[in-house]
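Here are my notes for anyone opening this one for the first time. Keep the model on screen and follow along point by point.

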Amino acid sequence: MIKNFFALLAIFLLSFSVTFAAENSVVDDAKVLTPSQLKILSEKIQQVETKHKVRIAVNFSQSIGNQNPDTTANHYLKKYYGDAQNGGIILLVVMDTRSWNIALDAKLNQRIFSYSDVAYLNDGFMDKLHNDNFAGAADVYVDNVDKLLTYYAEHGTPYDRTEEFNP
């Protein structure tokens, strides 16, 4: 009974901290960013969000318990970041399991829909993530989202890296 109480309390506190921070596009419960990095990243995200009418989120969590990162990222996306005209996307990085996930909603999926597009989001940020350069990883992730959405705006179709080489 006491164990269940503490489990519910932990879920409530995690939910409260995410709810409280969901007004911002950057949640750093793991405290891996400096205040300066947090400010710069938040401003950059806001510019890209305004430019493309999307929501972009970055969430550094210390732990999500025994939850699946894919399920958790999709839950956060739907609950907190699914209100933009052209959709939303979230990068969730979980420190205690060294796992991460990118989730995007159906609206944004029309602009970034192929596996190669989502793989493109990983380009450049994986090395930084593996070297614990969390601000750099998030920065590259936001740049890549911006590039993919800019490509869509200019061409009317999602970027597809498989078309770069067509014999």
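1. A word on terms before we start: "buried" means under 20% relative accessible area, "exposed" over 50%, and "partly exposed" in between (1.4 Å probe, protein chains only). Helices (H or I, at least four residues) and strands (E, at least two) are DSSP runs, numbered from the N terminus.

2. Some ground rules. This is a predicted model, with residues numbered from 1 along each chain as its sequence is written, and local features need pLDDT of at least 70. Side-chain atom pairs count only at pLDDT 80 or more, while totals for chains, interfaces and linings use all residues; side-chain values use heavy atoms, leaving out hydrogens and water.

3. The overall layout: the chain has seven helices and four strands, and reading along the sequence gives α-β-α-β-α-β-β-α-α-α-α. Of its 167 residues, 44% are buried. Take contacts (heavy atoms within 4.5 Å) with a separation of 6 or more: 66% of them join residues 24 or more positions apart. The accessible surface (Shrake-Rupley method, 1.4 Å probe; for residues, only the protein chains shown count as cover) comes to about 9,600 Å², and carbon and sulfur atoms hold 56% of that.

4. Now look at helix H2 (35-52). Which of its residues are buried? They are Leu41, Ile45, Val48, Glu49 and His52.

5. The expected span is 1.5 Å times one less than the number of residues; for the 18 residues of H2 that is 26 Å, and the end C-alpha atoms are 26 Å apart, which agrees.

6. Two lysines deserve a look at their backbone. Most residues other than glycine have a negative phi. Lys31, though, has a positive phi of about 55°; it sits in the loop between strand E1 (26-28) and H2 and is exposed, at 68% relative accessibility. Lys53 follows H2 and also has a positive phi, near 55°. Lys53 lies in the loop between H2 and strand E2 (55-61) and is partly exposed, with a relative accessible area of 44%.

7. On to the inside. A nonpolar core here is a set of buried Ala, Val, Leu, Ile, Met, Phe, Trp, Tyr and Cys residues joined through side-chain atoms within 4.5 Å. The largest has 32 residues, and Ile56, Phe60, Ile89 and Tyr141 touch the most other members. H2, E2, strand E3 (88-94), strand E4 (99-104), helix H6 (125-130) and H7 each supply at least two residues, with H7 giving the most, 10. Apart from this core lies another, of 12 residues, among them Leu77, Ile90, Val94 and Ala103.

8. Ser99 counts as buried, at 16% relative accessibility. Its side chain makes a polar contact (N or O atoms within 3.5 Å, one able to donate a hydrogen and the other to accept it; residues adjacent in sequence count only if both atoms are side-chain atoms) with the side chain of Thr97, at 2.6 Å.
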